[in-house]
Amino acid sequence: MAVDMASFDSALKEIYKETNYNNVTMMKRPLLALLPKFKMFGGRLMPIPTQYADPQNQSASFDRAIESGAAGAGSDQIGISAFQLTRVSSYGICQIGTEVAEASEKDEMAFLTALKAAIDGTVNSLSNRLETQLFREGTGSIGTCGGGEATVTFTLSETSDVANFEVGMRIVASAGVASGASGQALIGLAAGIPVTGVNRTTGGITKGPGAWNAVGEFTAAFTSPAAGPPATFAAHLYPVGDAAAGGDNVCVSGLGAWLPETAPAAGAGNEFFGVDRAVDSRLYGQSFTPGAVPIEDALIDAASLSERVGGSPDLVMLHHVRMRELVKNLHNSQQYDTVNAVTHKGVVADIGFRSVNVQTGDGKIDVVSASRCPENTAWLLQKDTWLLATLGEEIVELQDLDGMKIQRVYNADAVQARFRFRGNLANKGPIYNVRINF
């Protein structure tokens, strides 16, 4: 069979109908699936107006009310800030040898099966990366070292972060999180150090040849040579190309960015999408540490924090370990429901996620578990305040600027499909959402 670009292209159109595409990108990824979507994120940026104050020229005295506005202190103004949301991009490239097509000359289905398997893997990997980023701060960090960082196999500080690592991934590290005006120096080879093994029970990561295998070379960035290698050091880990550069996030600014654990600092250099959030916590949401209480109590207390400022939270995202704790505590009193995925076109009936109901003062909240949610953080959300804004019809798009979805590779006996995400996460009412720190 001759390698005909038009044949590849038509095969892709048949394989990736809308229903199939939704299944590949959103199945098993609850946060990516449940967030409201917007597909027309064009232009250089998207303003996200957020009102944090009403006019305050009020008084029991008419004269005082007039004077408040005339005093020039801004009391007659509505407090509004507009986040200037910018896009980030993430890419996945799938390369298929033309020998596969030629060997399938008399079996078209064999070719289509090979083509679909290769492309599904790429879309799956890119969608997983997006799901991880949606929970995090946008720095690109996917975990931290918890011990053995100067050896071939190291362990993660949080075992649950092992879900973010894959064999074949190339990683770099930094002494601190690589974000903010100063950034952080990255350790590792320019092309990263390959992950060659993953123990998904213990959180052990085995790395291939590279700078980390030399104890002095790895630890010199974190401690003086005379002090020797540290017993443990929480070095942040990043897939190659994902670490924040020059203080700018190159990954999605997820829940952790919009709802920081501590109040953001004021002043120049600390703005978030152009907004000084230190003015009012309505601009950065709420962070809550419940202490040693049953998890269902923690969720109810967090919901109360949202409700007292006018919020109507309707979703909690947490890790499977926390969901297990919740179900055990509720014993046989829990009630289950199903929450369906959404696209920019509306609800997707055939993609749903099992939820546990928790009753609060404002009504029912659906609690959904996610494998890529950090284990020690849960997120109480009001869904209609969030927006996953993208440039294009799909979350993960197959590039076809020249009209062809499949392209020849100029220096290899292969063809290539290029996938990309362009967009970011937005919130128009952070105060109605609560970060819960366990």
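This is a predicted model: local features need pLDDT of at least 70, side-chain atom pairs count only at pLDDT 80 or more; totals for chains, interfaces and linings use all residues.
Trainee: How many salt bridges does the count come to here?

Mentor: The count is 9 salt bridges. One of them joins the side chains of Asp161 and Arg136, at 2.7 Å from N to O.

Trainee: Which parts does the pair of Asp161 and Arg136 tie together?

Mentor: Asp161 sits in the loop between strand S6 (153–156) and strand S7 (170–174). Arg136 sits in the loop between helix H6 (108–134) and strand S5 (143–147). The pair therefore ties together parts that are 25 residues apart in sequence.

Trainee: Are Asp161 and Arg136 buried or exposed?

Mentor: Asp161 is buried, and Arg136 is buried too.

Trainee: What does Arg200 meet in a salt bridge?

Mentor: Arg200 meets Glu166, at 3.4 Å from N to O. Arg200 lies in the loop between strand S9 (193–199) and strand S10 (204–207), and Glu166 in the loop between S6 and S7.

Trainee: Which residue forms a salt bridge with Arg282?

Mentor: Asp280 does, with the closest N and O atoms 3.9 Å apart. Arg282 is partly exposed, with a relative accessible area of 37%. Asp280 is partly exposed at 22%.

Trainee: Which residues do salt bridges with shared partners join into one network?

Mentor: Glu137, Glu261 and Arg435.

Trainee: Now the sheet. In what order do the 7 strands run?

Mentor: Read across the open sheet: S12-S22-S17-S13-S16-S15-S14. The pairing is mixed.

Trainee: Which are the edge strands?

Mentor: Strand S12 (286–288) and strand S14 (336–343). Each pairs on one side only. Neighbouring strands of the sheet are turned by 30° against each other on average, direction ignored.

Trainee: How many bridges join S12 to strand S22?

Mentor: There are 3 bridges between S12 and S22 (residues 434–437), and the two strands run parallel. Phe288 has Ile436 in S22 as its bridge partner.

Trainee: Which strands does helix H9 lie across?

Mentor: Helix H9 (residues 295–307) lies across S12, S13 (315–318), S15 (346–360), S16 (363–369), S17 (377–381) and S22. The helix runs at about 155° to S12.

Conventions:
Residues are numbered from 1 along each chain as its sequence is written. Side-chain values use heavy atoms; hydrogens and water are left out. A salt bridge is a side-chain nitrogen of Lys or Arg within 4 Å of a carboxyl oxygen of Asp or Glu. Helices (H or I, at least four residues) and strands (E, at least two) are DSSP runs, numbered from the N terminus. Buried means under 20% relative accessible area, exposed over 50%, partly exposed in between (1.4 Å probe, protein chains only). Two strands pair if DSSP finds at least two bridges between them. Axes are lines fitted to C-alpha atoms, for helices over the stretch in contact, and angles run from 0 to 180 degrees between N-to-C directions. Contact means heavy atoms within 4.5 Å.
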